[in-house]
Amino acid sequence: MPSVLFMVRIRLPKEIEPEFNRFYEEVHVPDVLAFPGAVSFRRYRALLGEDRFQLLSAIEFKDEAALQRF
């Protein structure tokens, strides 16, 4: 079966970004990866372009059923 990507685009003020990143790396990412069926978690930052979202998270699940359970 093909894997499934769940993508989240994020826009936030620069002043809370350090706190947000700390929470994401220390709490959120480990919690998500502990979920049965979660395969990987990737984070990206937009450097160019005019999109209002600066951050992108992509969570890979083994299948659609795992995503639905999530």
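**Core, aromatic cluster and chain-level properties**

The largest nonpolar core has 14 residues. Those with the most contacts inside this core are Ile10, Phe20, Tyr24, Phe41 and Phe61. A nonpolar core is here a set of buried Ala, Val, Leu, Ile, Met, Phe, Trp, Tyr and Cys residues, joined through side-chain atoms within 4.5 Å. Five elements each supply at least two residues of the core: strand 1 (4–10), helix 1 (17–33), strand 2 (38–45), strand 3 (55–61) and helix 2 (64–69). Helix 1 gives the most, with 4 residues. Helices (H or I, at least four residues) and strands (E, at least two) are DSSP runs, numbered from the N terminus.

The model is predicted; local features need pLDDT of at least 70, side-chain atom pairs count only at pLDDT 80 or more, and totals for chains, interfaces and linings use all residues. Residues are numbered from 1 along each chain as its sequence is written, and side-chain values use heavy atoms, with hydrogens and water left out.

The chain contains 2 helices and 3 strands. Along the sequence they follow the pattern β-α-β-β-α. The C-alpha atoms fill a box of roughly 40 × 25 × 15 Å, taken along the principal axes. Of the 70 residues, 30% count as buried. Buried means under 20% relative accessible area, exposed over 50%, and partly exposed in between (1.4 Å probe, protein chains only). Contact means heavy atoms within 4.5 Å. Among contacts with a separation of 6 or more, 56% join residues 24 or more positions apart.

Phe41, one of the core residues listed above, has contacts with several parts of the chain. Residues up to four places away in sequence not counted, Phe41 touches Tyr24, His28, Val29, Val32, Leu33, Ser57, Ala58 and Ile59. Glu17 is found in helix 1. This residue is buried, with a relative accessible area of 8%. Under the same exclusion of residues up to four places away, Glu17 touches Leu12, Arg45 and Leu55.

A search of the whole structure finds 6 aromatic pairs. The rings of Phe35 and Phe70 have centres 5.2 Å apart and planes at 80°, so this pair is edge-to-face. Phe35 lies in the loop between helix 1 and strand 2, and Phe70 in the segment after helix 2, so the pair ties together parts that are 35 residues apart in sequence. Phe35 is partly exposed, at 22% relative accessible area. Phe70 also counts as partly exposed, at 40%. The Phe61 and Phe70 rings have centres 5.1 Å apart and planes at 50°, so this second pair is tilted. Phe61 is buried, with a relative accessible area of 0%. Phe6, Phe35, Phe61 and Phe70 form one aromatic cluster. Rings of Phe, Tyr and Trp (its six-membered ring) pair if their centres lie within 6.5 Å; planes under 30 degrees apart count as stacked, over 60 as edge-to-face and the rest as tilted.

Lys62 is found in the loop between strand 3 and helix 2. At 47% relative accessibility, Lys62 counts as partly exposed. Glu64 lies in helix 2. This glutamate is exposed, with a relative accessible area of 52%. Glu64 and Leu5 are 59 residues apart in sequence and 8.9 Å apart in space, C-alpha to C-alpha. Pro13 sits in the loop between strand 1 and helix 1. Pro13 is partly exposed, at 42% relative accessibility. Its C-alpha atom is 9.9 Å from that of Gln54, 41 residues apart along the chain.

The chain exposes about 5200 Å². Carbon and sulfur atoms supply 56% of this area. Accessible areas come from the Shrake-Rupley method with a 1.4 Å probe; for residues, only the protein chains shown count as cover. There are 10 positive and 11 negative side chains. The centres of the two sets lie 2 Å apart. Lys and Arg count as positive and Asp and Glu as negative, whereas His and the chain ends are not counted. The place of a charge is taken as NZ of Lys, CZ of Arg, CG of Asp or CD of Glu.
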